[in-house]
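Me: I am new to reading protein models, and I would like to learn how to do it step by step. Could you take me through this one?

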Amino acid sequence: DSSCEFITKYRSCRRQVRECAGEADHHEGMSSDDELTPTEATEFQKSKDNVVEDSRKIFEDVHADFCDIRKILLKFQEWKEKFPDSYCDAYISFCLPKLLNPLIRVQLINWNPLEQNFRELEEMPWFRAVEEFSGGKNIPET
């Protein structure tokens, strides 16, 4: 209850400040409580850039055949075609999500569907590779 009172008083105070400053473009119900100050926005962007930069280093010591989703799926496709019984007995369909999860997550670190010019998931190379694999199509090596 006390937190609700605090928020109500805080919003009332902010409304009075806006009225005194003559800010007429504020629409009631359009909260600016979540807006970042320029300093906070700069700090956030710097932190985000650091995370993205660090994410690029995660797989730098891994052989290319084991950090490229398309190449990994190509190996599984070959196994599926050459040894279908073994492939089926290994329950690969249950293993692939766990195997690909870290690779996909690294590629999604900088993805934000709320940004204006975000890239659709369906347009991402990993998504197309998984889609082609699950559809049983041959995966062309790039």
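Predicted model: local features only at pLDDT ≥ 70, side-chain atom pairs only at ≥ 80, totals over all residues.

Me: How far can I trust the model, and what is the average pLDDT of the protein?

Reply: The idea is that pLDDT gives the predictor's confidence in each residue, from 0 to 100. Here the protein averages 82, and 79% of the residues score at least 70. Among the elements, helix 3 (residues 69-82) has the highest mean pLDDT, 94, while helix 1 (residues 2-21) has the lowest, 70.

Me: How many helices and strands does the protein have?

Reply: The protein has 6 helices and 0 strands. Read from the N terminus, the order of elements is α-α-α-α-α-α.

Me: What angle do helix 3 and helix 6 make when they pack?

Reply: Helix 3 and helix 6 pack at about 10 degrees, with axes 9 Å apart. They are therefore roughly parallel to each other. On the helix 3 side, the contact includes Ile69, Leu73 and Phe76, and on the helix 6 side it includes Trp126, Ala129 and Val130. By class, this contact has 8 nonpolar, 1 polar and 4 charged residues.

Me: And at what angle do the axes of helix 5 and helix 6 cross?

Reply: The axes of helix 5 (residues 92-108) and helix 6 (residues 125-134) cross at roughly 160 degrees and come within 11 Å. These two helices are therefore roughly antiparallel to each other. Helix 5 brings Leu96, Leu100, Ile104, Gln107 and Leu108 to the contact, and helix 6 brings Trp126, Val130 and Phe133. The residues of this contact divide into 7 nonpolar, 1 polar and no charged.

Me: Is Arg105 buried or exposed?

Reply: Use the cut-offs from your opening question again. Arg105 lies in helix 5, and its relative accessibility of 57% makes it count as exposed. Arg105 and Ser55 are 50 residues apart in sequence, with 9.8 Å between their C-alpha atoms.

Me: What is the phi of Tyr91?

Reply: Here is the general idea: most residues other than glycine have a negative phi. Tyr91 has a phi near 55 degrees, a positive value in a residue other than glycine. Tyr91 is in the loop between helix 4 (84-89) and helix 5. It is exposed, with a relative accessible area of 53%.

Me: To finish, how much of the whole protein is buried?

Reply: Buried residues make up 18% of the 142 residues. The protein exposes about 11,500 Å², and carbon and sulfur atoms supply 54% of that area. As for contacts with a separation of 6 or more, residues 24 or more positions apart account for 54% of them.

Note on methods
Residues numbered from 1 in each chain as written. Heavy atoms only, no water. Helix = DSSP H or I, 4+ residues; strand = E, 2+ residues; numbered from the N terminus. Axes fitted to C-alpha atoms, helices over the stretch in contact; angles between N-to-C directions. Parallel < 35°, antiparallel > 145°, perpendicular 65-115°, else oblique. Contact = heavy atoms within 4.5 Å. Nonpolar A, V, L, I, M, F, W, Y, C, P; charged D, E, K, R; others polar. Buried < 20%, exposed > 50% of the residue type's maximum accessible area, 1.4 Å probe, protein only. Areas by Shrake-Rupley, 256 points an atom, 1.4 Å probe, with all protein chains shown as cover.
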